[in-house]
Amino acid sequence: MSARRIFARPARFAAIAPYVWMVLFFLVPFGFVLKISLSQTAIAQPPYEPVFDLTAGWTAIRAAFAALSIDNFRLLTSDDLYVFAYLRSLIVAVTATALLLLIGYPIAYGMARLPKRWQAVAMVLVIVPFWTSFLIRIYAWINILQHDGLLNQILLALNLVGEPVVWLSTDTAMYIGIVYSYLPFMILPLYATLAKMEPALEEAAGDLGAPPWQVFWLVTFPLSLPGVGAGVLLCFIPIVGEFVIPDLLAGSNSLMIGQTLWLEFFTNKDWPVASSAAIVLLVVLLLPLLLYERLQRRQLEER
Amino acid sequence: MTDELPKTDAVAGDSQPTGGEPLLRIENVAKRFGTFRAVDGVSLDIKAGEFFALLGPSGCGKTTLLRMLAGFEAPDEGRILLGGKDIAQALPHERPINMMFQNYALFPHLSVRDNIAFGLKRAGMGRADIATRVAEMIALVKLEGLEKRKPDQLSGGQRQRVALARALARRPQLLLLDEPLAALDKKLRESTQGELMELQRRLGMTFIIVTHDQEEAMTMADRIGVMNAGKLVQVAGPRELYEAPRSRWIAEFVGDINLFDAESKLRDGHRLVVGTRDAGTLVVAEPRQPVGESRFSVAIRPEKIKLSRRGPVSEAGREAAINRLDGVIADICYLGGTTTYKVKLDSGGLVQASVANSARLDVDAYSLNQHVVAWFTPDDCVVLPS
C-alpha cells in the first residue's frame, strides 16, 4: 500500500494499526527473547553468546546461527526446580482463580441486583483500590499480617487465638494477597454480564416451577458463562506469572515461575535459561486462551 | 355473557359472576411501592374457563396486579384465593399458574424443545411423558421442524408461539398473559388474537390477559376489567363497557365519545330534558339511577350521530324527542371503512360523527364548510356523572 493511499483511507490505516503495534511491541521483542533462549550464557557484556554483529559480515552471522542450540530447553525439562516452579504456578493460579470466582460471583451478583443508582456507587467501590499503588497495598498487607499486625491483634482481642498466628511467609498470606489484588478483575466482567441479563428470565424460570437454587443453576449461571470465562482468564493468566505477591507474602521454600525467572536473570545472570523459561510460560498460557477463543467462536456460530 | 344491551344503570353486581365458586378470587388486594399505591383495594372474581382482560393506561397497576397473581410481588393487603386456597404469599414456583411474558423471556441458551420442556422437567415428569407433551405443544402452536432452534434463530411470531407453548405445557389452572401481542405487527397481531381465542376455547383454560389496547381486549375477552390509578373502575363485557361506561373517564378511555356538560335538567315522563352549554337542550333517556343534584354530562358515541343535509324526515324525525344540532363540517378524516367528521356547532362546540362508507362512490360524502344537521335519539345518549 502506497503512502498516498494510506492517507486517502484513514479507516484502512486504522485497521492495520493494531498489527503494526503487535509487530513492534510483541513479535520483535519476542524474537529477541527467543534468540537469547537459544544462546549460551557467557561472562561478557551482554552475558550470552553468540552475539549477532551485522557489521561482521555474512560468514560471521552464519557462524552465529550455527552456534544456537536448544540446550536450555533440555535443561528446563531435566531440572526439577523448573518443573516444580511451573507446577506450583499452575496450582496457585488454579486455586486462586477458583477462590476468586467463589468470592467474586456473589459480589457481582449482588451488585447487579442493586437499584440502578447504587450500582454506580458499588462499581466505584470496586475500582477505588486501584487509585493506590499496587506495591503499597501489598506492603499494607504485610503490616496487617505480621506478628503484631492488625489481624493478630483482632484475633487476640476476640480471644479466638491464644498467641499470635504466623501469617507472613505462608501460602495463606500469598492467597490473601492474590485474591485481594485480582478481585476487581473477576468482579467487573461478571458484573457486566449479570447486569445486562433480563430479569424476566429468572422470573420465567421461577414461574415454570424452578425453586431459587435451580433458577440459579439452570438459568443465571449458564447465561453468565461468558463473564465467568473473561474473569477467569483475566485472573488466571497474570497469576501464573505473578512475581511480587509470592515474593513479598509467601515463604521462600517453593518458588513460582515468575520468581524463578527473576532469580535466573538477576541473581544467576543466566539470561538464556531465563529466556527459555519465559518462552515455555508463554506457550503454557496460550493454551487456555486458544481454548477460550474456540469456545467463543463456537457460541457465535450457533447463533 | 349475553349480547343484549343492558340498561345504562345495570352495572352493579357484574364483578360477581353468578353460579358456583369462582376459580380465582381477588379480595381487597393492595400493593404500594414507597408511597405510590400501585394497586389499591382491588376485588375481582374470575370463573373457570373465562377469558378475562385487564385494560388500562400504562402505570394503572394492571401489570402489578398480574405480577401478584404470578407471585413476583406479594400484596401488602388482601387475599388471593385460587380454588379456595390463599396463595397471596406463595412463591412463583409453588403456584399452579403460568405466565407468558411481555418480551417472551425465552431462555436464550436452550433450544425450542428445551424451553418448552423446562417446566415439565421441574414438575418431575418422566422423560417419555415430557417428549410426548413437548411434541403435543409444538403441534398445538404449529412449530414443527423448529424444535432444535435457539430463540434468536426464530422470528418474532415464532418466538411468541414458543412462549405460549412453554406457558401452556404445564397445563396451568390459570394462564397469565402480559401484553402477549405487543411486539407483533398489526396483521400478525390480529390473526394471533383469533388463534389465542380458539386455543383458549379448545383447551377450556382460564386466561387473564393484560393489555393497554382496548380493541385487543374487546376482541378477545369475555369480560374486561378497566383499571385506573390502581383501582378497578369497571368490570363488564365488551358491549356493556362500550355502551354503558360507568364513568366519564371510562367513556373517554374506551373508544371516542362526545361529551356535553349538563347545566340544568327537567323530568319529562321517561325522559330527561337537559340543558347544555354547547348543544342546547337535549332529550335523553332517564337513567334508572337518579343523577340527583350532582353534576353530570351527556355522552354520545360518534357512530350514533347521524348527519344529513336537512333535518331528519324519517319516521324517527317526526318524533318530537329527536335531538338535532346545526353546524358546519370543520374537519374530515377519511379512514377507509369509516369517515370521521368534526362538526362545528352554531354554539361553537365541536361534535364528532363517524359515518360508515357503505358505498364506494362518494355521493353521500360531505365537504368542508358544508351546512349539516347532526341528529341522534334519546336512547343513544348516556348520562355520566362528572
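Two residues are in contact if their C-beta atoms, placed from the backbone, lie within 7 Å. Keep that in mind as you look at this predicted model, where 19 residues of chain B are in contact with 17 residues of chain A.

**Where the chains meet**
- What kinds of residues does chain B bring to the side that touches chain A? They split into 10 nonpolar, five polar and four charged.

**Chain B as a whole**
- Chain B is built with nine helices and 20 strands.
- Its C-alpha trace spans about 75 × 50 × 40 Å along the principal axes.
- Chain B has 386 residues, and 37% of them count as buried.
- If you take the contacts in chain B with a separation of 6 or more, 65% come from residues 24 or more positions apart.

**The nonpolar cores**
- The largest nonpolar core holds 105 residues, and B:Ala165, B:Leu176, B:Ile208 and B:Val298 have the most contacts inside it.
- Helix 4 of chain B (residues 156-168) supplies the largest share of this core, six residues.
- Leaving out residues up to four places away in sequence, B:Val298 touches several partners, among them B:Phe260, B:Leu282, B:Cys381 and B:Val383.
- There's also a second, separate core of 44 residues, including A:Ala96, A:Leu190, A:Leu261 and A:Ala277.

Technical notes
Residues numbered from 1 in each chain as written. Chains lettered and ligands numbered in written order. Predicted model: local features only at pLDDT ≥ 70, side-chain atom pairs only at ≥ 80, totals over all residues. Nonpolar A, V, L, I, M, F, W, Y, C, P; charged D, E, K, R; others polar. Core = buried A, V, L, I, M, F, W, Y, C linked by C-beta atoms within 7 Å. Buried ≥ 20, exposed ≤ 12 C-beta atoms within 10 Å, placed from the backbone. Helix = DSSP H or I, 4+ residues; strand = E, 2+ residues; numbered from the N terminus.
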